[in-house]
Amino acid sequence: MSDRQALNATFFAFRKREKSGVLLQAALGFVILAIVLIAAFIGAVYGVTGGAAFSQAAMAGQTDPDVIAQMMSPAALGGVMLIYLVFLFAFFVLTAAFEAACLRWLIRGESGGGFLGLQLGADTWRVYGVYWVWLIAFVIGTIVFALLLALLTGALGAALGADSPFMLIPLLIAFIVPIYISVRLAPAAATSVAERKFAFFDAWKVSRERFWALFGAFLLLWLIYTVAVSIVIGMWMGATMVNVMTDAMNRGAGDPAQAAEAINAAVLNAISTPTGLISYVVMQIASMALAVTFYIAMYGVNARAAAVALEEAKIEQQPAS
């Protein structure tokens, strides 16, 4: 097909192909397993640090120095770090399984397998590998880019003076270059799923002549997500926090430290009441739903770009093994 084919990728994930509910199943599986992982992480940290003893002492209105010392001991802190690393590994594998499930459906029309479509198959490990390349590229790229910008800034300052308008050039480069490279390589996971092989840098082919279409789709989705989350949090704040915070600020008028302390106490009291706790949980659930929807929409943009690249023969799909 022609390279001029319209991408129309912004809401690709929510078009007619989703009638089977594959993405909804994958989203439910992701949320359920994420909650299980978070609960396991909290429970493990609680056990390693002796959180039960600390909670009992706190409920009794006591502070046991031995309990605090145990919680802050090198062994406890080392255990927490190990638990955290295991949690991060598991969580990102789960995220990769979720993204792979979405991409398989959006690009190849494949569904099923595993827990609500989430599975530890080849596509999941390809997506997980993409995450690692992103991390390594970000660390190395940030260091190298910062050094080059520092050299450029110093050279321009020495040649033209610190007050020269040309000193804005490094600032513009600092914004434009990372955005451009990020957008061009954004379809890396989708490309790997589309080609049925690890193909991080083939994303550059997929996004060729597509930068503005992809950038516009990503920007629009970010704006929609930001506005939606702001509305949810604003509604929660308006329903549960305005009165207590106003009262706390009135009681702490004239003393910023006292006002801040009163506000913190009011927030904790509002959340600790049954009604306040329920409203807080509802707000968190709504925020999570918006976040998962946003992720699916972003996956859809990249999936559409990879699918069109296959149609245009920019990339090739390997036979199914």
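Trainee: What percentage of the 321 residues of the protein chain counts as buried?
Mentor: The figure is 36% of the 321 residues. Buried means under 20% relative accessible area, exposed over 50%, and partly exposed in between, with a 1.4 Å probe and protein chains only. The model is predicted, so local features need pLDDT of at least 70 and side-chain atom pairs count only at pLDDT 80 or more, while totals for chains, interfaces and linings use all residues. Residues are numbered from 1 along each chain as its sequence is written, and side-chain values use heavy atoms, leaving out hydrogens and water.

Trainee: What makes Met283 count as buried?
Mentor: Met283 has a relative accessibility of 9%, and therefore counts as buried. This residue lies in helix α11. Beyond its neighbours within four places in sequence, Met283 is in contact (heavy atoms within 4.5 Å) with Val232, Ile233 and Trp236. Its C-alpha atom is separated by 8.8 Å from that of Met235, 48 residues apart along the chain.

Trainee: Why is Ala162 called exposed?
Mentor: Its relative accessibility is 66%, so Ala162 counts as exposed. Ala162 is placed in the loop between α5 (122-160) and α6 (168-185). Not counting residues up to four places away in sequence, Ala162 touches Gly157 and Met167.

Trainee: How many helices and how many strands does the protein chain have?
Mentor: The chain has 11 helices and zero strands.

Trainee: Why are α7 and α11 called oblique to each other?
Mentor: The axes of α7 (residues 188-195) and α11 (residues 274-311) come within 8 Å and cross at roughly 45°. Axes are lines fitted to C-alpha atoms, for helices over the stretch in contact, and angles run from 0 to 180 degrees between N-to-C directions. Angles under 35 degrees count as roughly parallel, over 145 as roughly antiparallel, 65 to 115 as roughly perpendicular, and the rest as oblique. The pair α7 and α11 is therefore oblique.

Trainee: Which residues of α7 and α11 meet?
Mentor: Ala190, Thr191 and Ala194 in α7 meet Asn302, Ala303, Ala306 and Leu310 in α11. By class, this contact has five nonpolar, two polar and no charged residues. Ala, Val, Leu, Ile, Met, Phe, Trp, Tyr, Cys and Pro count as nonpolar, Asp, Glu, Lys and Arg as charged, and the others, Gly among them, as polar.

Trainee: What makes α1 oblique to α11?
Mentor: The axes of α1 (residues 22-48) and α11 come within 11 Å and cross at roughly 130°. That angle makes α1 oblique to α11. The contact is made by Leu23, Ala27, Phe30 and Val31 of α1 with Met288, Val292 and Ile296 of α11. By class, the contact of α1 with α11 has seven nonpolar, no polar and no charged residues.

Trainee: Why is Ala313 called exposed?
Mentor: Ala313 has a relative accessible area of 59%, and is therefore exposed. Ala313 is placed in the segment after α11, and its phi is near 65°, a positive value in a residue other than glycine.

Terms used: Helix = DSSP H or I, 4+ residues; strand = E, 2+ residues; numbered from the N terminus.
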